[in-house]
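Work through the exercises below with the sequence and the 3D structure side by side. Try each task before reading its solution.

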Amino acid sequence: MLGCLGLRIKPKCIPCLIDVRSREAMRALGSSEKAFNLCIKVVREILRLLDETRQTTRIATELYRIVLKTVGSDPYKADKEEANRIALAILPRAESLLNRLEDRFERFRMAVRFSLVGNAIDPGVSGYKFNLSELERAVQTVKLQVDDTAAAFRLIGNGSEVLYLCDNAGEIVFDRLLVRELRRIGAHVTVAVRSEPYQNDATLEDAEASGMAEEADGLMAC
């Protein structure tokens with residue numbers, strides 16, 4: 001589903017959206033009648049939304065709001081807390097690896113790689129496993145299909161204004177390293193997070209829990 005976000009919906013997105021929202025319902029409500037009715041509501045709502053729009057992002061968000069309203073709490077809250085806990089435990093090792101470097105660009109590039117590796121921290125995935133021994137290998141072997149790191153580094157200078165959009169809980173901990181390097185270069189960094197829960201996306205609560213709130217020059221929710 002993530003590959004479809006922001007794009008026009010494709011046939012393969014439809015069963016994926018229904019599956020994800022249904023699993024959220026069952027995670028929170030089990031096999032109850034309430035869960036059954038919520039799953040039916042999701043199916044009906046996606047049919048209604050498809051008559052109005054083909055934007056996957058809007059459809060996914062509207063369906064999630066239905067789940068959130070019915071369940072009454074964030075179904076990903078425990079997963080996000082666990083992701084932040086794991087990332088914070090790994091952070092000192094990441095800082096140690098980064099601090100071996102003196103060249104400003106190499107530090108910046110390494111911080112970018114840590115942010116990418118942060119995507120691997122997702123305890124909500126079946127069979128999830130990530131540990132300290134894998135960190136260095138993952139950072140060194142991560143591949144960028146489009147690598148604009150050097151161009152980005154050249155654009156960012158003393159006095160630059162940077163708006164940094166955070167993605168997931170857990171990952172936001174490693175984003176701290178990149179925000180730190182951006183500020184070291186001389187940029188003024190404002191970090192943006194979700195204003196309301198959506199799957200495992202980082203919110204203000206995660207910004208506080210991860211330490212990002214103290215790392216950035218400014219923090220906003222959108």
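The model is predicted, so local features need pLDDT of at least 70 and side-chain atom pairs count only at pLDDT 80 or more, while totals for chains, interfaces and linings use all residues. Residues are numbered from 1 along each chain as its sequence is written, and side-chain values use heavy atoms, with hydrogens and water left out.

**Exercise 1. The whole chain**

Describe the secondary structure of the chain and the order of its elements.

Solution. 
- Step 1: Helices (H or I, at least four residues) and strands (E, at least two) are DSSP runs, numbered from the N terminus.
- Step 2: The chain has 10 helices and three strands.
- Step 3: Read from the N terminus, the order is α-α-α-α-α-α-α-β-α-β-α-α-β.
- Step 4: A residue is buried under 20% relative accessible area, exposed over 50% and partly exposed in between (1.4 Å probe, protein chains only). Of the 222 residues in the chain, 45% are buried.
- Step 5: Contact means heavy atoms within 4.5 Å. Among contacts in the chain with a separation of 6 or more, 75% are between residues 24 or more positions apart.

**Exercise 2. Helices α1 and α2**

State how helix α1 packs on helix α2.

Solution. 
- Step 1: Two packed helices are described by the angle between their axes and the distance between the axes. Axes are lines fitted to C-alpha atoms, for helices over the stretch in contact, and angles run from 0 to 180 degrees between N-to-C directions.
- Step 2: For α1 (residues 13–29) and α2 (residues 33–50), the angle is about 155 degrees and the axes are 9 Å apart. Therefore α1 is roughly antiparallel to α2. The cut-offs are under 35 degrees for roughly parallel, over 145 for roughly antiparallel, 65 to 115 for roughly perpendicular, and oblique for the rest.
- Step 3: The contact uses I14, L17, I18, R21, S22, A25 and L29 of α1, together with K34, A35, L38, C39, V42, V43, I46 and L50 of α2.
- Step 4: Ala, Val, Leu, Ile, Met, Phe, Trp, Tyr, Cys and Pro count as nonpolar, Asp, Glu, Lys and Arg as charged, and the others, Gly among them, as polar. The residues of the contact of α1 with α2 are 12 nonpolar, one polar and two charged.

**Exercise 3. A residue in α2**

Is C39 buried or exposed?

Solution. 
- Step 1: C39 is in helix α2.
- Step 2: Its relative accessible area is 15%, so C39 is buried.
- Step 3: Apart from neighbours within four places in sequence, C39 is in contact with S22 and A25.
- Step 4: C39 and R21 are 18 residues apart in sequence, and their C-alpha atoms are 7.5 Å apart in space.

**Exercise 4. Helices α4 and α8**

Find the residues through which α4 and α8 meet.

Solution. 
- Step 1: The axes of α4 (residues 77–98) and α8 (residues 171–185) come within 8 Å and cross at roughly 35 degrees.
- Step 2: From α4 come N84, A87, L88, I90, L91, A94, E95 and L98, and from α8 come I172, V173, F174, R176, L177, R180 and E181.
- Step 3: The residues of this contact divide into 10 nonpolar, one polar and four charged.

**Exercise 5. A positive phi**

Locate Q199 and give its phi.

Solution. 
- Step 1: Q199 is in the loop between β2 (188–193) and α9 (204–210).
- Step 2: Most residues other than glycine have a negative phi. Phi of Q199 is positive, near 50 degrees.
- Step 3: With a relative accessible area of 9%, Q199 is buried.
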